[in-house]
Amino acid sequence: MKKLFFPVLGLVMSLTLTACNSNNDTNDISQQEPSGYDHELVKFPENYDKGINYATVIRGNVREEAYTSREAIEAVQNGQPIPNGTVITLEIYEDEELFDIFVMEKRTGWGDQNPPDTPRNGDWLYQEFNADRSVGYDIGIGRCFTCHANQEREDYVNTLDEMKSYELEDVTGAKDSSTESKFAVIPTEDWDVKAIGDDHEIIDDKEKEGIVKNVLLSFYFHQEKN
């Protein structure tokens with residue numbers, strides 16, 4: 001089950017990915033833009049929202065949605081290191097409007113690409129993107145290195161506990177089930193889905209596809225229980 005948090009103590013900041021996104025007035029260069037950082041290494045993960053939305057954090061008018069792969073969560077829950085190639089993506093909303101997107105990615109040997117004036121966080125590198133998915137060159141990425149360096153025992157991931165406690169059964173009905181994939185290839189273009197809601201809003205193709213597949217999944221699990 002995805003965890004929903006309403007943090008009320010400043011201490012909770014250390015548990016969220018965006019602790020490194022908070023404004024912090026400092027003269028320390030490592031908190032701002034590290035020299036020689038290659039912004040092109042961490043690419044924008046185009047299909048990140050097809051992964052698992054394993055945690056939601058709400059702080060005042062800010063809402064954060066954390067995504068990663070099923071493989072990463074399974075590894076964590078099995079007591080294994082987070083696999084190389086893992087991408088963790090955090091959508092950051094302010095007043096329900098997407099503000100920016102934070103991405104951290106783990107690749108073998110990437111620690112060697114670490115800027116000299118920042119702490120080495122294993123093989124993780126970081127990048128922030130604007131809401132339009134363009135690279136946020138003006139964002140001080142150095143504070144991401146500094147923030148995550150405090151989580152060395154957690155493989156430099158601030159939300160490792162949320163991965164450990166996430167119930168993967170909520171995604172497919174069982175950890176070894178392929179139920180979701182059975183419906184992933186069903187074409188939905190010709191399905192007739194009427195507008196819903198009090199305002200009779202228009203449903204786009206992506207939303208229609210989600211509605212159809214959710215209905216099919218509901219029928220499937222109902223039949224399984226019977």
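The structure is a predicted model, in which local features need a pLDDT of at least 70 and side-chain atom pairs count only at pLDDT 80 or more, whereas totals for chains, interfaces and linings use all residues. Residues are numbered from 1 along each chain as its sequence is written, and side-chain values use heavy atoms, with hydrogens and water left out.

The mean pLDDT (the predictor's confidence in each residue, from 0 to 100) of the chain is 75, and 58% of its residues reach 70 or more. Over residues 21-32 the pLDDT is below 50, although this stretch has 23 contacts (heavy atoms within 4.5 Å) in the model beyond near neighbours in sequence. Residues 173-185 likewise have a pLDDT below 50, and beyond near neighbours in sequence that stretch has 23 contacts in the model. Where pLDDT is low, the predicted coordinates should not be read in detail.

Side chains of opposite charge can pair when their charged atoms come close. With a salt bridge taken as a side-chain nitrogen of Lys or Arg within 4 Å of a carboxyl oxygen of Asp or Glu, the count comes to nine salt bridges. One of them links Glu-46 to Arg-133, with the closest N and O atoms 3.2 Å apart. Because Glu-46 lies in the loop between β1 (3-5) and β2 (52-59), and Arg-133 in the loop between β6 (124-130) and α2 (142-149), this pair ties together parts that are 87 residues apart in sequence; the helices (H or I, at least four residues) and strands (E, at least two) are DSSP runs, numbered from the N terminus. Arg-133 is partly exposed, with a relative accessible area of 34%, where buried means under 20% relative accessible area, exposed over 50%, and partly exposed in between (1.4 Å probe, protein chains only).

A further salt bridge joins Arg-59 and Glu-64, whose closest N and O atoms are 2.8 Å apart. Arg-59 is partly exposed at 23% relative accessibility, whereas Glu-64 is buried at 1%. The side chains of Glu-65 and Arg-63 also meet in a salt bridge, at 2.7 Å from N to O, and both Glu-65 and Arg-63 are buried. Salt bridges that share partners join Arg-63, Glu-65 and Glu-96 into one network.

Most residues other than glycine have a negative phi, and most peptide bonds are trans. Asp-95, in the loop between β4 (87-94) and β5 (97-106), has instead a positive phi near 55 degrees, and this residue is exposed, with a relative accessible area of 60%. Asp-155, placed in the loop between α2 and α3 (160-165), also has a positive phi, near 55 degrees.

Helix α2 has six of its eight residues buried, so this helix is largely enclosed by the rest of the structure. The buried residues are Gly-142, Arg-143, Cys-144, Phe-145, Cys-147 and His-148, and what covers them includes β5 and β6. Within this set, Cys-144 has a relative accessibility of 0% and Cys-147 one of 14%. A disulfide is a covalent bond between the sulfur atoms of two cysteines; with the criterion of a pair of cysteine sulfur atoms within 2.5 Å, the count in the model comes to zero disulfides.
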